[in-house]
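Q: Please take a close look at one part of this model and describe it in a single connected account. The question that follows sets the starting point.

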Amino acid sequence: MRRLATVLAVTLVVLAGIAPLAAAAPPVADAAVGDAAATAQTEPSNESAPPDPERDRIGWEDGYWHNESIDVNQSDGLTQAELNATVARAMARVEVIRELEFNTTVPVDIVSRSAFANSSGNSSYSEAFRAFDNAKFEALFLIGEDEDSLGVQQSNRGATVGGYYSPAADSIVLVTDNETTLQVDELTLGHELVHAVQDQRFGLGNVSSRTRDGANANSGLIEGDANYVQEQYRQRCAEGGAWAGSCLRPDASGGGGGGGPANIGVYFVNYQPYSDGPAFIAAQKRQGGWEAVNDLYDAPPQSAEQVIHPERYGTDPPTEVELEDEHSEDWERIRPESRLDYAEVGQAGVASMFVYPWYAGEQTRGYDAIPNFRDTWFNYTDSGDLSPIDPLNYGFDAAAGWDGDRMHFYQNDAGEGGYVWRLVWDSNAEAAEFREAYEELLTYWGAEPVGEDTYRIADGPFADAFHVSVAGDTVTIVNAPSVGELTEVRSSVDPDVETATPTPAATPAPASETPPETVTEPTVATEAPGFSAVAALVAVLGAALLARRR
């Protein structure tokens, strides 16, 4: 039994619709592992099984070689014997790619999406935790005051999770959209099996974090490793690959699909490790093979920034941001029990905040926080296809240069909320660049300047007052229900409303309602909703995005 029952390694259903469908990238060459690895690269599936080895070895598990045929037909669902054979062969295939031997067989269950959604929404939270979480996502302009962030995150989870591995139970659960016959997606199975072998060899319970940025940093390693292997698995299953024609995929019809997340912005916060993680793993592997990747489990990345920018791993630790409370006696700090009393959202949170308007609104004309958005947000291969291992760019200018952040949340006697968010940047210029983009974001959501550094959104899901100040490399954002209450949340703020001459605001783009979604801060990095970078990361949302730009 593992140490932490809460640790989950989860795979998200890939969203159809972020950009044009990605074609298969050229296979990434792996170092050979004895004869089995060489066979995986060069030989097609065998019609008859080779003899079993005298002892367990990489590429063979529970009587099945990675490249042998198995008699499985899942059109009417899988029998237990068929599932056992599928899991054993998939374990052998993961071994060949990842060059790690499983210690034990991993039990696998399959559940329908409706059953999963019904079983995963029973958590209870304190009012302090709920207020804290609501304020965090409101500060990112992802979930408005009219939404419950925990309910939104639960809706996302039920719609997008494709499977998970639980170290506490040493088992995998696969979630299928086919409600009538429970079928396996072998690529998702392979992804979750990577988590199982990670846990058996490195102990996932030892990798933990209590902030969103820390969770994304850890997931950049854990999910990046699994997604990198999954992409190698997909290439071998594709036409011309070593396992072509033998990989199980569920029927395209006959199921109630999970649909998209309730809030794509929150999804993007948690998706960052699944986009940048595989490239981070690939960079480490190029330098020292799988041994270098294995060493990462003793020294995981310290921030999502180090995953977004692999060259900063080990050389650019995040700044511990200092932030003293200055609230009046009518306000108090929100301090949930059994968790940190501050939030750190990291570069992934900052980037998602700026990206969300492109998906939340009817149109974004006039919003320029990310110039040349389509070519900046999406990463393309030399052939012009969306990158299969790093499709989204969280390192664009407005978010790059993040060096640390800290959020404090407050509540007054009337139950109204406010917050202070301090961000430290690598340079004064990058702090100023963030402030400029943040003003664009405020304008998009309907803000007008009412004084020097002071803004007010009159109505909508983010109706509040804001004060934004820059001191060298540090930006401090103060939020309150009204301009007059800004000094009650932070006494050093000077809204200067009466003496300032506000400049006319640019015409704001209409902001549609903010749908719900997202994921609570996990106690360990692996609980973030997972993402299967292999499936269809393109179609619906991308088409809608492009349609709005025409």
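Which strands does helix α13 lie across, and at what angle does it run to β12?

A: Helix α13 (residues 428-444) lies across β9, β10, β11, β12 and β13, and its direction is at about 165° to that of β12. Axes here are lines fitted to C-alpha atoms, for helices over the stretch in contact, and angles run from 0 to 180 degrees between N-to-C directions. The model is predicted, so local features need pLDDT of at least 70 and side-chain atom pairs count only at pLDDT 80 or more, while totals for chains, interfaces and linings use all residues. Residues are numbered from 1 along each chain as its sequence is written, and side-chain values use heavy atoms, with hydrogens and water left out.

The sheet itself is open and has seven strands in the order β7-β8-β9-β13-β12-β11-β10, with antiparallel pairing. At its edges stand β7 (331-333) and β10 (447-451), each with a single partner strand, so one side of each is left without a neighbour in the sheet. On average, neighbouring strands are turned by 25° against each other, direction ignored. Helix α4 (residues 127-139) also packs on this sheet, where it touches β8 (402-412) and β9, and its direction makes about 130° with that of β8. Contact means heavy atoms within 4.5 Å. Helices (H or I, at least four residues) and strands (E, at least two) are DSSP runs numbered from the N terminus, and two strands pair if DSSP finds at least two bridges between them.

Strand β13 (residues 474-480) has seven of its seven residues buried, so it is largely enclosed by the rest of the structure. Buried means under 20% relative accessible area, exposed over 50%, and partly exposed in between (1.4 Å probe, protein chains only). In a regular strand the side chains alternate between the two faces of the sheet. In β13 both faces are covered, with Thr-474, Thr-476, Val-478 and Ala-480 on one side and Val-475, Ile-477 and Asn-479 on the other.

Strand β9 (residues 417-425) is joined to β13 by six bridges, and Leu-423 has Val-475 as its bridge partner. Strand β12 (residues 465-471) is joined to β13 by seven bridges, with Phe-466 partnered by Asn-479. β12 and β13 form a hairpin with two residues between them, and Gly-472 in the turn has a positive phi of about 65°.

At 23% relative accessibility, Asp-453 counts as partly exposed.

Arg-422 belongs to strand β9. Arg-422 is buried yet has no salt bridge, and the nearest side chain of opposite charge, Glu-326, is 6.2 Å away. A salt bridge is a side-chain nitrogen of Lys or Arg within 4 Å of a carboxyl oxygen of Asp or Glu; Lys and Arg count as positive, Asp and Glu as negative, and His and the chain ends are not counted. The side chain of Arg-422 instead reaches the backbone oxygen of Glu-322 at 3.1 Å, and a polar contact of 3.0 Å joins it to the side chain of Thr-476. A polar contact is a pair of N or O atoms within 3.5 Å; within protein, one must be able to donate a hydrogen and the other to accept it, and residues adjacent in sequence count only if both atoms are side-chain atoms.
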